[in-house]
Amino acid sequence: MGEFAKLEVDGKTYEFPILEGSEGERAIDIGKLREQTGLITLDPAFKNTGSCASAVTFIDGERGILRHRGYSIEELTEKSTFLEVSYLLLYGELPGKTELERWVEEIRYHTMLHEDLKRLYDGFPKAAHAMAVCSAIVSALSTFYPMDLDPIDDDQVRLSTERLIAKLPTITAYSYKHLMGQPFLYPDNRLSYVGNFMRMMFATPCEVYDVDPVVERTLDLLLMLHADHGQNCSTSTVRLVGSSRANVFASISAAINALWGPRHGGANQDVIRMLWAIEKEGLSARQFVDRAKSRDDTSRLMGFGHRVYRNHDPRALIIKSHAHEVLRSLRHTSKLLEIAIDLERIALEDDYFIERKLFPNVDFYSGVIFEALSIPMNLFTALFSMGRLPGWIAQWVEYHSEPGNAIGRPRQLYMGAKHRPYVPIDQR
Ligand code: ACO
């Protein structure tokens, strides 16, 4: 006999099942709440609401745990690669040797963009933000593959998945080439996933380009660290858009836009702006931390705080532990890293941040590393979306595999004007 939660309303008692997840998390199943009681729940920003059951990623925010399909992020980033983690997220298991080779081959095969699609870039202003360009081009992919858009056809979804994962680095690199006024390079499929991306970003037809293995491995690590993160804002967007049976390109395009905001993936760009401003204004870490405590939303300590992590963000610890090593290998000295470390130290000793359980999140150190790898700031969040892509698709596919899945459609508590008669314009 399962457990039940009791709810008493107007002298009547209702019982709702308590469900338990595989890691012991408990949830009250209120699926029949409105039908039985006539009431709805109100939970703005979904602080207490689970929107789905998922087998992709487990997060324990109190203990700072992140696992994909049961494997810890620490072990994955130490032993795996981005494409292998993508396979794991998408198909639930680590691939065998042959499966991995086939998967990598499939991704390589689809890296090129249709020539007509490339012409779309000409319509964007040079200074267009990479996130706007990437979301538009990803959305436009649906116009090039109209025969492969059925969200419940496994073969079509598999093909679209491979196309998306293969093409997003090309799409992202071209957004940079457009900004720079440099020619778009065709992918070179002898290179690795990340090596190919780096070449399309940084090479020109005039010079030989050698992929730096330190940069290659570091970018791969950063992509892995971003690969999935449960039901965050952009992932919830993917599921919600997908729930209307919109195709996967449309859903991912929406997710890229959701990620763009500074409270989400856009924070990695704002962290660097913040660190630059501190350097330029000659502020001490203490002065900036004090400013961040004013309740003014615009002066928050960017890269700090997380809805789920209340102890530490394991991704931030991994990035921080690599930061010095990477900078040393690249012979790069970073004033920004020094400021970041100082800010973190002061904030973690400050009662305001301790009481609110605010810790550095993944974005706090990722920008410093992106900068050291010569990734332009305008591209930071686009790199995040390259990393998050397999997670988005895995969650989108999971949504479609749920039996009886319905369109996502929250209710509301109406607080507006009551019914009133229409007033003709000359009487208003
Ligand atoms: N700096 C200063 N104060 C903060 C910060 C911060 N970075 N983050 C939260 N707070 C304060 C809030 O002012 C609030 O204080 P109050 O209780 O006195 O009003 C309290 O901490 C709780 O903050 P909320 O905004 O309610 O927390 P929520 O869980 O809704 O927001 C979020 C989480 C959006 C990440 C927030 O911490 C934030 O804005 N951080 C900075 C932006 C950032 O780094 N975003 C990246 C998130 S990770 C990611 O998406 C990859």
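R245 counts as partly exposed, because its relative accessibility is 44% (buried means under 20% relative accessible area, exposed over 50%, and partly exposed in between, with a 1.4 Å probe and protein chains only). The structure is a predicted model, in which local features need pLDDT of at least 70, side-chain atom pairs count only at pLDDT 80 or more, and totals for chains, interfaces and linings use all residues. Residues are numbered from 1 along each chain as its sequence is written, and side-chain values use heavy atoms, with hydrogens and water left out.

R245 is placed in the loop between helix 10 (233-242) and helix 11 (248-260); helices (H or I, at least four residues) and strands (E, at least two) are DSSP runs, numbered from the N terminus. The phi angle of R245 is near 70°, a positive value in a residue other than glycine. Most residues other than glycine have a negative phi. A positive phi is also found at F46, where the value is near 55°. F46 lies in the loop between helix 1 and strand 4, and it counts as exposed because its relative accessibility is 55%.

The loop between helix 1 (33-37) and strand 4 (57-60) also holds L42. With a relative accessible area of 60%, L42 is exposed. Together with I40, L413 and M415, L42 makes a nonpolar surface patch of about 440 Å². Patches are made of residues with over 30% relative accessible area and no salt bridge, like charges being joined within 9 Å and nonpolar side chains (Val, Leu, Ile, Met, Phe, Trp, Tyr) within 5 Å. The accessible areas come from the Shrake-Rupley method with a 1.4 Å probe, and for residues only the protein chains shown count as cover. Another exposed loop residue is T333, with 75% relative accessibility; T333 is situated between helix 14 (314-329) and helix 15. From T333 to T143 the C-alpha separation is 45 Å in space, and the two residues are 190 residues apart in sequence.

When residues up to four places away in sequence are not counted, L275 touches L336, I339, A340, L343 and V368 (contact means heavy atoms within 4.5 Å).

Helix 13 (residues 285-292) has A285, F288, V289 and A292 as buried residues. Seen down the axis of helix 13, these buried residues fall within an arc of 100°, so they line one face of the helix; the arc is that of the directions from the helix axis to the C-beta atoms. An α-helix has 3.6 residues a turn, so residues three or four places apart point the same way. The partners against which the buried residues of helix 13 pack are helix 12 (267-281), helix 15 (335-348) and helix 16 (351-355).

Salt bridges were counted where a side-chain nitrogen of Lys or Arg lies within 4 Å of a carboxyl oxygen of Asp or Glu, and the count comes to 24. One of them joins R291 and E281, at 3.1 Å from N to O. This pair links distant parts of the chain, with R291 in helix 13 and E281 in helix 12, ten residues apart. R291 is partly exposed, with a relative accessible area of 37%, and E281 is partly exposed at 48% relative accessibility. Salt bridges also link R286, D290, K293 and D350 in a network.

A further salt bridge is formed by E23 and R67, whose closest N and O atoms are 2.8 Å apart. Here too distant parts of the chain are linked: E23 is in the loop between strand 2 (12-20) and strand 3 (26-28), whereas R67 is in strand 5 (residues 65-68), 44 residues apart. E23 counts as partly exposed at 42% relative accessibility, and R67 is partly exposed with a relative accessible area of 22%. The closest N and O atoms of R119 and D116 are 2.6 Å apart. R119 is exposed, with a relative accessible area of 52%, while D116 counts as partly exposed at 37% relative accessibility.
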